[in-house]
Amino acid sequence: MVQIGNSGRRTGQYVLPVVSLSTLLKVIGCWFIILVFGCGVVIYNQSMANFKHHLRHTQHHQAMEGKSEQEIRLQHHLDENKKVKGHERDGNLKFHRPSSEKHSASQKNNHHDNEGKLIRVVIGNLDGVEGHSEEILVRTRPWWAPIGEQRFIDLVESGFYSECRFFRVVPNFVVQIGINGDPNIQGRWRGKSLVDDPVKHTNARGTISFATSGKNTRSTQIFINTSMKGNAFLDKQGFAPFAEVVEGMEIVDRINAQYRQEPGQAMIQKEGNAYLLSKFPTLSYIEEMKIISS
């Protein structure tokens, strides 16, 4: 028979030592503290991760405030590219920002920005009220449509648009002008149609294009796109923007829309402003259109 002594050892071999209750409780207490501390660390790390995610979401939301739907979609696209590639691939994005009252950020970074002509345009009879006149600024974009841009410059330098009436005004679509008030002057441009430019820029709000009656028929009539969402459907129809309003679209929105499309173009061609002033006296019109820098 094997005897067990007070030391907890068997004679001739080792056995488990005797552990007192107080020692056991101390060990359990230590493990409990370690467990609680570990859980606390895990909870703290998770809370910090949630806080950082919420902070990024809030900052992103604040950054999107005041931006257009197209700009938000562009930012989302760039964010997704960052996740996939780890960097922005701006050079691969084909995106046109809509025109605005001021130069857009993309235009400020564009080396073409100052290559066009800056034109001061004074519009009279705003809101259909005689004597209400304000000016806008137009910048030509020759790399969009060089043939159309040059014809527009020729017309402006000749003084063609002075006293021309906005005979077609469709709210949230276009305002159209370009039949001279003097039939003799208008006659000089008849038959001088242009070859079409390819469409290189969308008909965004504030852009300016020539009106046409078919292929290669651009002459003197132009329109400003006023739709808040732009008129992209005109791109497929061959309307090529050659300039844009860079300051004063809120003034363009005040061009008198009272008569909509009532004035007859054939009658304007025949009788000029004599017809318009007798039938549609409050039409808004161009007081002055002048190149101020190039």
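User: What share of the contacts in the chain with a separation of 6 or more comes from residues 24 or more positions apart?

Analyst: The share is 67%. A contact here means heavy atoms within 4.5 Å. This is a predicted model, in which local features need pLDDT of at least 70 and side-chain atom pairs count only at pLDDT 80 or more, while totals for chains, interfaces and linings use all residues. Residues are numbered from 1 along each chain as its sequence is written, and side-chain values use heavy atoms, with hydrogens and water left out.

User: How many helices and strands are in the chain, and what makes a run count as one?

Analyst: The chain has 8 helices and 8 strands. Each is a DSSP run, numbered from the N terminus: helices are H or I with at least four residues, strands are E with at least two.

User: What makes Arg 254 and Asp 127 a salt bridge?

Analyst: The rule asks for a side-chain nitrogen of Lys or Arg within 4 Å of a carboxyl oxygen of Asp or Glu. The N to O distance between Arg 254 and Asp 127 is 2.9 Å, so the pair qualifies. Arg 254 sits in the loop between helix 6 (249–252) and helix 7 (265–271), and Asp 127 in the loop between strand 1 (118–124) and strand 2 (134–140), so the bridge ties together parts 127 residues apart in sequence. By the same rule the count comes to 9 salt bridges.

User: Why is Arg 254 called partly exposed?

Analyst: Buried means under 20% relative accessible area, exposed over 50%, and partly exposed in between, with a 1.4 Å probe and protein chains only. Arg 254 has 25% relative accessibility, so the label is partly exposed. Asp 127, at 42%, also counts as partly exposed.

User: Where do Glu 244 and Arg 141 lie, and are they buried or exposed?

Analyst: Both are buried. Their closest N and O atoms are 2.9 Å apart, and the two form a salt bridge. Glu 244 is in strand 7 (residues 243–247) and Arg 141 in the loop between strand 2 and helix 4 (146–157). The pair links distant parts of the chain, 103 residues apart.

User: How do you know that Arg 165 and Glu 163 meet in a salt bridge?

Analyst: Their N to O distance is 3.2 Å. Arg 165 has a relative accessible area of 7%, so it is buried. Glu 163 has 37%, so it counts as partly exposed.

User: Why does Asp 235 have no salt bridge?

Analyst: The nearest side chain of opposite charge, Lys 236, is 8.7 Å away. Lys and Arg count as positive and Asp and Glu as negative; His and the chain ends are not counted.

User: What joins the side chains of Asp 235 and Asn 203?

Analyst: A polar contact of 2.7 Å. The term requires a pair of N or O atoms within 3.5 Å; within protein, one must be able to donate a hydrogen and the other to accept it, and residues adjacent in sequence count only if both atoms are side-chain atoms. Leaving aside neighbours within four places in sequence, Asp 235 is in contact with Val 199, His 201, Thr 202 and Asn 203.

User: Why is Gly 272 called buried?

Analyst: Its relative accessible area is 0%, so Gly 272 is buried. It is placed in the loop between helix 7 and helix 8 (273–279). Not counting residues up to four places away in sequence, Gly 272 touches Asn 180, Gly 181, Pro 183 and Met 267.

User: What makes strand 1 and strand 2 a pair?

Analyst: Two strands pair if DSSP finds at least two bridges between them. Strand 1 and strand 2 have 6, in the antiparallel sense. Val 121 stands opposite Ile 136 in strand 2. Strand 2 is also joined to strand 7 by 4 bridges, running antiparallel. There, Thr 140 stands opposite Ala 243. Strand 2 is mostly covered, with 5 of its 7 residues buried.

User: Which strands pair with strand 5?

Analyst: Strand 7 pairs with strand 5 over 2 bridges, and strand 6 over 3 bridges. Both pairings are antiparallel. Thr 207 has Glu 244 as its bridge partner in strand 7, while Ile 208 stands opposite Ile 224 in strand 6. Thr 207 and Ser 209 point one way from strand 5 (residues 207–210), Ile 208 and Phe 210 the other way, and all are buried.
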